Amino acid sequence: MLEYRYDTQLLIEGHDLSEDKIIEYFKSNFKGDCLLAVGDDELIKIHFHTNEPWDVLKYCRSLGEIYDIVIEDMDRQSRGLKG
């Protein structure tokens, strides 16, 4: 059993985005691991393992437009099922 079930990936397009602020928000407000937030002030790629991807989506949407959203169930994948 995995501690964090959902591999959550997406792009955020906005203005004045900050990798550091996003990372700090994630660390303070979400439980998870394998966090990546990379990009520039207009486009950030997020990768995060969590049990509550809907909260991640809600926060990221507050920062700008979100797209290329992928949420994969790593528990299903580990059992050989489609994620």
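Is the crossing of helices α1 and α2 left-handed or right-handed? In this predicted model, α1 and α2 cross in a right-handed manner.

Helix α1 spans residues 19-29 and helix α2 spans residues 53-63. Their axes lie 12 Å apart, and the packing angle is about 150 degrees. An angle over 145 degrees counts as roughly antiparallel, and α1 and α2 are therefore roughly antiparallel to each other.

I turn now to strand β4. This strand covers residues 65-73, and Ile66 is found in it. Is Ile66 buried or exposed? Its relative accessible area is 18%, and the limit for a buried residue is under 20%, so Ile66 is buried. Setting aside residues up to four places away in sequence, Ile66 touches Leu10, Leu11 and Ile12, as well as Leu57, Cys60 and Arg61. The C-alpha atom of Ile66 is separated by 9.8 Å from that of Lys45, a residue 21 positions away along the chain.

The next residue is His47, in strand β3, which runs over residues 43-50. His47 has a relative accessibility of 18% and therefore counts as buried. With which side chain does the side chain of His47 make a polar contact? The partner is the side chain of Asp7, at 3.1 Å. Beyond its neighbours within four places in sequence, His47 is in contact with Asp7, Thr8 and Gln9, and also with Cys34, Leu35 and Leu36.

Finally, I would draw your attention to Glu3. Glu3 lies in the segment before β1, the strand of residues 6-13. Its relative accessibility is 59%, and because the threshold for exposure is over 50%, Glu3 counts as exposed. The side chain of Glu3 makes a polar contact with the side chain of Tyr4, at 3.3 Å. How far apart are the C-alpha atoms of Glu3 and Lys31? They are separated by 9.9 Å, while the two residues stand 28 residues apart along the chain.

Thank you for your attention.

Technical notes
Residues numbered from 1 in each chain as written. Predicted model: local features only at pLDDT ≥ 70, side-chain atom pairs only at ≥ 80, totals over all residues. Heavy atoms only, no water. Axes fitted to C-alpha atoms, helices over the stretch in contact; angles between N-to-C directions. Helix = DSSP H or I, 4+ residues; strand = E, 2+ residues; numbered from the N terminus. Parallel < 35°, antiparallel > 145°, perpendicular 65-115°, else oblique. Left-handed = near helix turned anticlockwise from the far one by under 90°. Buried < 20%, exposed > 50% of the residue type's maximum accessible area, 1.4 Å probe, protein only. Polar contact = N/O pair within 3.5 Å; in protein donor to acceptor, adjacent residues only side chain to side chain. Contact = heavy atoms within 4.5 Å.
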